[in-house]
Amino acid sequence: MAVSLSRRALFSAAGAGLTLGLMPLSIVAVAAPGQGATINNWLHVGTDGAVTLYSNAQEMGQGGFSGVAQLLANELCVDWDRVMVKTAPLVDAMGMADGKSHWTGGSSSIRSQWDKLRRAGAAAREMLVMAGARMLGVPAAECRAIAGHVEHRPSGRRVAYGAVADMAARLPVPADPIPLSRADWTLVGQGVMRKDIAAKVDGSAVYATDVKLPGLLSATLMQCPVFGGKLVSVDPAPAMAIPGVRHVVVVKDASIPIPGSDRPMTLVDAVAVVADHWWAARQGLLALSPVWDAQGKDNLDTMGMIDTITGKLSDPGSIRKGEKEDEAAIRAGHSAAMAGAAKTVSWDYIVPALAHAQMEPMSATIDLSRGKARAWTGSQFPTSVRRILAGLSGLPPEQVEVETLVSGGGFGRRYLNDYVAYAAFLSKQVAAPVKLIYSREEDLCQGRYRPATACRITAGLGADGMPVAIHTHTVPASGGVWVSMATGGPAQPDHQPSYYLPSPLTTMTDGGLPVPNGPWRAPGSTQGAFFFECFVDELAQVAGQDPLAYRRRLLASNPRALRVLDAAANAAGWGRAMPPGTGLGIAIWNSFQSIAAQVVQVSVNGTRVRVDKVWCAFDCGTIVNPDSVRAQGEGSILMALSASLAEKVTLEKGAVSSRNFDQYSLIQMDRIPEIEVILIDSPDAPVGGAGEPMTPPLPPALVNALFAATGKRVRSLPLIDHGFTV
């Protein structure tokens with residue numbers, strides 16, 4: 001199966017199209033003689049010594065695609081320049097650490113597969129060494145792998161991997177391969193060039209919108225704009241009068257059975273136009289006047305959402321506790337500690353709903369015609385794509401072909417495959433391959449948003465100004481968002497403050513609003529860090545202490561986090577005299593087994609806020625690619641900065657009213673500050689994620705800096721809602 005893809009010929013020096021093979025590679029050990037060998041699924045060695053590695057991480061700009069391969073290449077002892085990386089086929093053996101599914105999210109591509117991938121690479125290396133030793137006629141114990149060769153140490157004789165690949169593939173896979181020690185690493189820890197960059201520079205990278213197929217039709221659609229509304233009727237005639245329009249498809253009360261699940265996937269009522277090309281489909285859709293029934297659903301607006309969640313801040317809420325913990329005992333212990341406090345401090349905070357607003361709107365190409373089931377998309381969850389197509393086609397999942405392509409940003413949005421389901425539904429309805437592209441307006445109005453969330457934090461302070469008990473209560477518009485706290489112990493707490501705090505109580509009330517929610521970069525932590533790290537600054541003020549010094553006292557029993565905090569503060573020159581109208585703010589947060597601390601410097605002139613510089617100290621355990629980690633840090637900080645300054649999803653009459661970038665403002669190039677990322681190596685710590693953990697500390701560090709510069713406390717975002725301009 002070949003696919004012609006030529007949209008980016010404008011940037012392609014050669015102008016040649018690309019061909020994508022759909023058939024998965026063999027997962028057995030040996031290929032045909034003369035064609036090299038595939039060893040333990042994850043790598044192929046050609047007879048010319050060329051090495052192809054397979055990555056199961058979807059590439060959406062974060063570098064995970066190359067990071068997975070870098071682990072394999074390190075263990076295989078090959079030169080990175082000699083390595084080609086391809087997308088792993090959708091087979092269970094090459095899925096995530098659970099060995100069952102392919103998905104990318106939670107900053108987990110490296111950390112969750114660290115052992116698995118290193119052992120896979122080590123197994124291949126041991127098989128090649130064994131084969132090379134046999135060819136050289138020497139004991140394997142006297143040989144080593146080096147730069148794509150097997151070398152006999154005593155004599156220095158070498159044989160290339162390509163010459164022994166077939167033999168190696170016929171050997172049994174080692175039951176207990178031993179990964180290289182840190183002293184022998186040649187690629188992990190090095191800033192090697194990511195394999196996806198060149199194709200993005202020359203325009204040959206393939207996105208779902210680039211796919212072309214014989215007989216392919218284009219589509220776009222409009223879902224019911226009011227959450228929970230239904231389609232009553234639509235007259236297709238105006239759209240059908242547009243040249244190029246082939247079909248008007250009504251999606252009403254539709255659901256898709258999902259194999260292995262007793263819960264079908266429900267589609268929101270929608271109207272779609274399918275045409276010869278996307279522009280005709282778009283014009284056809286704009287010509288329609290669908291009638292929606294939104295009665296009783298059209299009374300929610302932005303202020304109503306805010307009033308609802310803040311109105312539940314006094315609820316007792318559900319308690320977060322361990323499986324064997326007793327709720328009554330926790331509440332009683334907390335109340336007793338609070339009663340003994342010398343002073344009580346309580347503040348409310350709130351953050352808005354956020355859209356993912358990724359550069360590339362949602363798109364997928366699906367072919368359910370002629371008894372086939374094929375998909376091309378940049379989904380973060382291709383196993384789910386397969387199940388959706390299997391449910392619609394009736395074919396077994398293993399007969400569904402899914403090609404995972406790069407995507408123009410994801411941030412969690414592409415983990416949810418509603419757009420794939422619509423594309424598949426349309427393809428089946430019109431019996432032809434269909435490429436569905438959401439318009440920018442549809443993308444922003446039918447997102448799966450980070451929920452608007454309110455939080456009340458109450459602390460009891462001792463005579464020394466330090467907490468003796470603390471209570472957080474969160475109210476998200478929909479879904480669960482907690483701000484939980486650790487009480488101490490050897491394990492580093494995750495998705496919560498870095499501090500070990502006494503007598504904590506964590507509760508939550510669901511706002512119960514109909515706004516769809518989904519994972520938005522560092523889910524839960526972007527809200528929690530803002531709430532808690534702003535509150536800690538206020539506690540320091542009440543205690544009459546410097547914010548850094550106060551945090552250092554709270555981190556007395558957490559030396560790893562303290563080292564990160566100090567690294568950020570030292571880099572920023574914390575404590576130096578600041579000119580009038582400028583200030584430094586600091587925050588620290590744990591997420592995805594990593595720790596990030598940030599210092600932000602702002603300048604305020606009247607209402608105008610300028611972010612001068614951000615210092616970020618980051619500890620993710622072992623660093624695989626420092627260049628990639630820095631890049632992820634810069635992206636995380638800019639995304640958080642943009643969200644802090646001006647972003648918010650607004651509602652009107654039950655529908656999203658921030659419909660495009662003129663109403664949903666992202667940070668502009670001239671507002672981007674200098675960013676310095678300080679990487680801290682912790683070889684004894686678990687491997688942490690890097691794609692998301694540097695997002696949460698930025699908002700609280702920013703507003704804490706704003707307080708230092710102006711004396712004004714900000715307890716809600718974005719800053720433009722407080723009269724600031726950016």
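Which residue in E3 is the bridge partner of valine 45? In this predicted model, that partner is valine 51. The pair belongs to the antiparallel pairing of strand E2 (residues 43-45) with strand E3 (residues 51-55), which extends over 3 bridges.

These strands are part of an open sheet of 4 strands, ordered E1-E2-E3-E4, with mixed pairing. Strand E1 (37-39) and strand E4 (83-87) form the edges, each pairing on one side only. From one strand to the next, the twist averages 25°. Helix H3 (residues 161-169) lies across E1 and E2 and runs at about 60° to E1.

| Domain | Residues |
|---|---|
| domain 1 | 7-197 |
| domain 2 | 217-295 + 362-437 |
| domain 3 | 304-353 + 449-722 |

The C-alpha centres of domain 1 and domain 3 are 40 Å apart. Their contact involves 20 residues from domain 1 and 19 residues from domain 3. Between these two domains an area of about 1,300 Å² is buried, and carbon and sulfur atoms give 53% of it. On the side of domain 1, the residues that lose the most area to domain 3 are Ser107, Arg111 and Arg182, which together account for 41% of what that side buries.

The rule finds 1 salt bridge across the interface of domain 1 and domain 3. Arginine 182 forms a salt bridge with aspartate 681, in which the closest N and O atoms are 3.1 Å apart. Helix H1 (residues 64-76) supplies the largest share of the domain 1 side that touches domain 3, namely 3 residues.

Definitions and conventions: Residues numbered from 1 in each chain as written. Predicted model: local features only at pLDDT ≥ 70, side-chain atom pairs only at ≥ 80, totals over all residues. Heavy atoms only, no water. Pairing = 2+ DSSP bridges. Helix = DSSP H or I, 4+ residues; strand = E, 2+ residues; numbered from the N terminus. Axes fitted to C-alpha atoms, helices over the stretch in contact; angles between N-to-C directions. Contact = heavy atoms within 4.5 Å. Domains from an automatic or database assignment. Buried area = accessible area lost by both parts, 1.4 Å probe. Salt bridge = Lys/Arg side-chain N within 4 Å of Asp/Glu carboxyl O.
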